Amino acid sequence: MAMTMRSDADQSRPTAGGRWIPWLFVGLFLVVLAANGTMIGVALSTFNGLETTNAYEKGLAYNASLAAAAEQEQLGWTVSLQSRSVGARKVELAVDLADRLGQPIRSAEVRAELDRPLQQGHEQTILLAEQVPGRYQADLDLPLAGQWTVRLIAEARDHRYQLAERIQVK
(Lines give C-alpha, C1' and ligand atoms only; values in the text may rest on other atoms or scores of the structure.)
Protein backbone atom coordinates (compact mmCIF):
# COMPACT_ATOMS: atom_id res chain seq x y z
CA MET A 1 0.00 0.00 0.00
CA ALA A 2 1.44 3.25 -1.06
CA MET A 3 1.03 6.34 1.06
CA THR A 4 0.88 9.71 -0.51
CA MET A 5 1.90 12.73 1.43
CA ARG A 6 0.46 16.13 0.83
CA SER A 7 2.58 19.13 1.03
CA ASP A 8 1.62 22.27 2.99
CA ALA A 9 0.87 24.05 -0.28
CA ASP A 10 -1.74 21.40 -1.18
CA GLN A 11 -3.44 21.62 2.20
CA SER A 12 -3.93 25.43 2.13
CA ARG A 13 -5.64 25.34 -1.23
CA PRO A 14 -9.48 24.76 -1.02
CA THR A 15 -10.77 21.65 -2.64
CA ALA A 16 -13.00 21.96 -5.69
CA GLY A 17 -16.05 20.57 -3.82
CA GLY A 18 -16.03 23.24 -1.08
CA ARG A 19 -16.36 26.33 -3.26
CA TRP A 20 -20.19 26.18 -3.31
CA ILE A 21 -20.60 26.32 0.51
CA PRO A 22 -20.48 30.16 0.82
CA TRP A 23 -23.03 30.43 -1.99
CA LEU A 24 -25.29 28.03 -0.07
CA PHE A 25 -25.33 30.45 2.87
CA VAL A 26 -26.05 33.41 0.57
CA GLY A 27 -28.88 31.45 -1.08
CA LEU A 28 -30.45 30.50 2.26
CA PHE A 29 -30.37 34.12 3.44
CA LEU A 30 -32.05 35.20 0.19
CA VAL A 31 -34.80 32.61 0.69
CA VAL A 32 -35.44 33.88 4.25
CA LEU A 33 -35.50 37.50 3.06
CA ALA A 34 -37.93 36.65 0.25
CA ALA A 35 -40.26 34.79 2.65
CA ASN A 36 -40.19 37.68 5.15
CA GLY A 37 -40.84 40.22 2.40
CA THR A 38 -43.79 38.18 1.13
CA MET A 39 -45.30 37.88 4.61
CA ILE A 40 -44.92 41.62 5.25
CA GLY A 41 -46.55 42.42 1.92
CA VAL A 42 -49.48 40.09 2.60
CA ALA A 43 -49.94 41.46 6.13
CA LEU A 44 -50.00 45.07 4.99
CA SER A 45 -52.31 44.52 2.02
CA THR A 46 -54.91 42.42 3.84
CA PHE A 47 -55.34 44.45 7.04
CA ASN A 48 -59.07 44.75 7.69
CA GLY A 49 -59.01 45.87 11.30
CA LEU A 50 -61.40 48.44 12.62
CA GLU A 51 -60.37 51.78 13.97
CA THR A 52 -62.35 53.11 16.89
CA THR A 53 -63.28 56.73 16.54
CA ASN A 54 -62.88 58.73 19.74
CA ALA A 55 -61.20 55.82 21.51
CA TYR A 56 -59.82 58.00 24.30
CA GLU A 57 -63.22 59.50 25.11
CA LYS A 58 -64.84 56.07 25.04
CA GLY A 59 -62.21 54.80 27.45
CA LEU A 60 -62.90 57.66 29.84
CA ALA A 61 -66.62 56.88 29.75
CA TYR A 62 -66.04 53.33 30.97
CA ASN A 63 -67.03 54.06 34.59
CA ALA A 64 -70.25 55.68 33.39
CA SER A 65 -70.96 52.51 31.39
CA LEU A 66 -70.44 50.39 34.49
CA ALA A 67 -72.83 52.58 36.49
CA ALA A 68 -75.45 52.37 33.72
CA ALA A 69 -75.11 48.58 33.65
CA ALA A 70 -75.67 48.41 37.43
CA GLU A 71 -78.74 50.65 37.13
CA GLN A 72 -80.06 48.49 34.30
CA GLU A 73 -79.72 45.39 36.44
CA GLN A 74 -81.64 47.12 39.25
CA LEU A 75 -84.59 47.65 36.90
CA GLY A 76 -85.17 43.91 36.66
CA TRP A 77 -86.56 44.11 33.15
CA THR A 78 -86.72 40.98 31.03
CA VAL A 79 -85.72 41.65 27.43
CA SER A 80 -85.48 38.99 24.77
CA LEU A 81 -84.45 39.51 21.17
CA GLN A 82 -85.44 37.05 18.47
CA SER A 83 -84.41 37.12 14.83
CA ARG A 84 -85.97 35.03 12.09
CA SER A 85 -84.81 34.78 8.50
CA VAL A 86 -87.68 35.45 6.07
CA GLY A 87 -85.69 35.41 2.82
CA ALA A 88 -82.33 36.21 1.34
CA ARG A 89 -80.83 38.96 3.56
CA LYS A 90 -84.30 39.61 5.01
CA VAL A 91 -84.77 39.31 8.75
CA GLU A 92 -87.64 39.81 11.14
CA LEU A 93 -86.56 41.24 14.51
CA ALA A 94 -88.84 40.87 17.50
CA VAL A 95 -88.28 42.09 21.05
CA ASP A 96 -90.30 41.19 24.12
CA LEU A 97 -90.14 43.62 27.06
CA ALA A 98 -91.44 42.86 30.54
CA ASP A 99 -90.90 44.58 33.88
CA ARG A 100 -89.77 43.07 37.17
CA LEU A 101 -93.27 41.61 37.78
CA GLY A 102 -93.51 40.08 34.30
CA GLN A 103 -95.97 42.67 33.01
CA PRO A 104 -95.45 43.82 29.41
CA ILE A 105 -93.84 47.22 29.02
CA ARG A 106 -96.09 49.28 26.77
CA SER A 107 -95.42 52.38 24.70
CA ALA A 108 -91.65 52.03 24.79
CA GLU A 109 -89.37 53.49 22.17
CA VAL A 110 -87.35 50.55 20.89
CA ARG A 111 -84.62 50.94 18.30
CA ALA A 112 -82.02 48.59 16.93
CA GLU A 113 -78.61 49.73 15.74
CA LEU A 114 -77.08 47.20 13.38
CA ASP A 115 -73.50 46.95 12.17
CA ARG A 116 -71.08 44.40 10.79
CA PRO A 117 -68.39 43.31 13.27
CA LEU A 118 -65.53 43.43 10.75
CA GLN A 119 -66.77 45.71 8.01
CA GLN A 120 -67.65 49.37 8.31
CA GLY A 121 -70.04 51.29 6.13
CA HIS A 122 -73.21 49.23 6.52
CA GLU A 123 -74.55 50.62 9.80
CA GLN A 124 -78.32 50.96 10.13
CA THR A 125 -80.71 52.20 12.80
CA ILE A 126 -84.35 51.10 12.78
CA LEU A 127 -87.33 51.68 15.05
CA LEU A 128 -89.35 48.68 16.14
CA ALA A 129 -93.13 49.10 16.28
CA GLU A 130 -95.28 47.71 19.08
CA GLN A 131 -97.41 44.89 17.65
CA VAL A 132 -99.04 43.69 20.87
CA PRO A 133 -98.42 44.97 24.40
CA GLY A 134 -94.75 44.41 25.21
CA ARG A 135 -93.81 42.99 21.78
CA TYR A 136 -91.95 45.18 19.31
CA GLN A 137 -91.14 44.14 15.78
CA ALA A 138 -89.52 45.26 12.50
CA ASP A 139 -88.62 43.71 9.17
CA LEU A 140 -85.10 44.32 7.86
CA ASP A 141 -83.65 44.14 4.39
CA LEU A 142 -79.88 44.01 4.94
CA PRO A 143 -77.29 44.63 2.22
CA LEU A 144 -75.04 41.69 3.13
CA ALA A 145 -75.42 38.18 4.46
CA GLY A 146 -73.31 37.04 7.41
CA GLN A 147 -72.86 38.10 10.98
CA TRP A 148 -74.38 41.34 12.30
CA THR A 149 -74.30 42.95 15.73
CA VAL A 150 -77.66 44.21 16.98
CA ARG A 151 -77.51 46.82 19.72
CA LEU A 152 -81.00 47.16 21.14
CA ILE A 153 -82.01 50.30 23.04
CA ALA A 154 -85.39 50.40 24.80
CA GLU A 155 -86.60 53.53 26.57
CA ALA A 156 -89.73 53.58 28.73
CA ARG A 157 -90.86 54.87 32.12
CA ASP A 158 -87.86 57.26 32.28
CA HIS A 159 -85.48 54.30 32.06
CA ARG A 160 -83.16 53.03 29.39
CA TYR A 161 -82.24 49.39 28.70
CA GLN A 162 -79.50 48.22 26.32
CA LEU A 163 -78.73 44.81 24.95
CA ALA A 164 -76.19 43.69 22.35
CA GLU A 165 -76.39 40.39 20.49
CA ARG A 166 -75.03 38.91 17.29
CA ILE A 167 -77.33 37.49 14.64
CA GLN A 168 -76.60 35.46 11.53
CA VAL A 169 -78.21 36.63 8.29
CA LYS A 170 -78.56 34.20 5.40
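The conversation below goes through this structure topic by topic.

Me: Where does the model come from, and how are residues numbered?
Reply: This is a predicted model, in which local features need pLDDT of at least 70 and side-chain atom pairs count only at pLDDT 80 or more, while totals for chains, interfaces and linings use all residues. Residues are numbered from 1 along each chain as its sequence is written, and side-chain values use heavy atoms, with hydrogens and water left out.

Me: How many helices and strands does the protein have?
Reply: It has 4 helices and 7 strands. Helices (H or I, at least four residues) and strands (E, at least two) are DSSP runs, numbered from the N terminus. Along the sequence, the order is α-α-α-α-β-β-β-β-β-β-β.

Me: What share of the residues is buried?
Reply: Of the 170 residues, 24% are buried. Buried means under 20% relative accessible area, exposed over 50%, and partly exposed in between (1.4 Å probe, protein chains only).

Me: Which residues have the most contacts inside the largest nonpolar core?
Reply: They are L97 and L128, in a core of 28 residues. Such a core is a set of buried Ala, Val, Leu, Ile, Met, Phe, Trp, Tyr and Cys residues joined through side-chain atoms within 4.5 Å. Strand 6 gives the largest share of this core, 5 residues.

Me: Which residues does L97 touch?
Reply: Leaving out residues up to four places away in sequence, the partners of L97 include T78, V79, Y136 and A154. Contact here means heavy atoms within 4.5 Å.

Me: Moving to strand 6, is T149 buried or exposed?
Reply: T149, which lies in strand 6, is buried because its relative accessible area is 17%. Its side chain makes a polar contact with the side chain of R166 (3.0 Å). A polar contact is a pair of N or O atoms within 3.5 Å; within protein, one must be able to donate a hydrogen and the other to accept it, and residues adjacent in sequence count only if both atoms are side-chain atoms.

Me: And D158, is that buried or exposed?
Reply: D158 is exposed, because its relative accessible area is 82%. This residue is found in the loop between strand 6 and strand 7. The C-alpha atoms of D158 and A108 are separated by 9.9 Å, although these residues are 50 residues apart along the chain.

Me: Where is L24?
Reply: L24 is in helix 2 (residues 21-45). L24 counts as partly exposed because its relative accessibility is 41%.
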